[in-house]
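User: I am new to reading protein models. Can you take me through a few features?

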Amino acid sequence: MSKKNRNAAGVVYSTDPNFRYESNEMPEAETLPPAQQNLKIWLVKMGGNKVVTTVRDFIGTSEDLAELGKQLKAACGAGGSSKDHEILIQGDHRDKVLTWLTGNGYKAKKAGG
């Protein structure tokens with residue numbers, strides 16, 4: 001265990017020989033099958049008149065989220081990223097994303113007006 005993690009929890013030294021450091025980190029959720037995912041597709045306006053298509057409510061590991069993001073970016077022919085439990089795709093690609101997700105067995109719908 002690294003010293004950073006111990007210091008973050010306030011543990012410096014213990015005289016108790018049975019002391020066990022316990023992490024407060026929650027384990028990542030298992031990835032649900034596509035048919036059980038309820039994904040929401042949003043259009044978010046960023047600064048400078050830029051728009052981003054956002055896919056939210058993915059339940060699963062960050063590796064699976066990154067892989068889904070990679071596939072969606074390739075299907076849309078656009079850049080983007082996968083972070084903070086959501087997929088960001090540059091531009092307004094809501095229709096393409098919705099078509100791709102439903103075609104691959106995901107439950108998805110447009111959200112946010």
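Predicted model: local features only at pLDDT ≥ 70, side-chain atom pairs only at ≥ 80, totals over all residues.

Analyst: Residues are numbered from 1 along each chain as its sequence is written, and side-chain values use heavy atoms, with hydrogens and water left out.

User: Is Thr53 buried or exposed?

Analyst: Buried means under 20% relative accessible area, exposed over 50%, partly exposed in between (1.4 Å probe, protein chains only). Thr53 has 0% relative accessibility, so Thr53 counts as buried.

User: What does the side chain of Thr53 reach?

Analyst: A polar contact is a pair of N or O atoms within 3.5 Å; within protein, one must be able to donate a hydrogen and the other to accept it, and residues adjacent in sequence count only if both atoms are side-chain atoms. The Thr53 side chain reaches the backbone nitrogen of His93 at 2.8 Å. Thr61 is also buried, at 19%. Its side chain joins that of Asp64 through a polar contact of 3.1 Å.

User: How many residues has the largest nonpolar core?

Analyst: Such a core is a set of buried Ala, Val, Leu, Ile, Met, Phe, Trp, Tyr and Cys residues joined through side-chain atoms within 4.5 Å. The largest has 14 residues. Leu39 and Leu68 are among those with the most contacts inside it.

User: Where does the charged end of Arg56 sit?

Analyst: A charge sits over a ring if NZ of Lys or CZ of Arg is within 6 Å of the ring centre and within 35 degrees of the ring normal. Arg56 has its charged end over the ring of Trp42, 4.9 Å from the centre.
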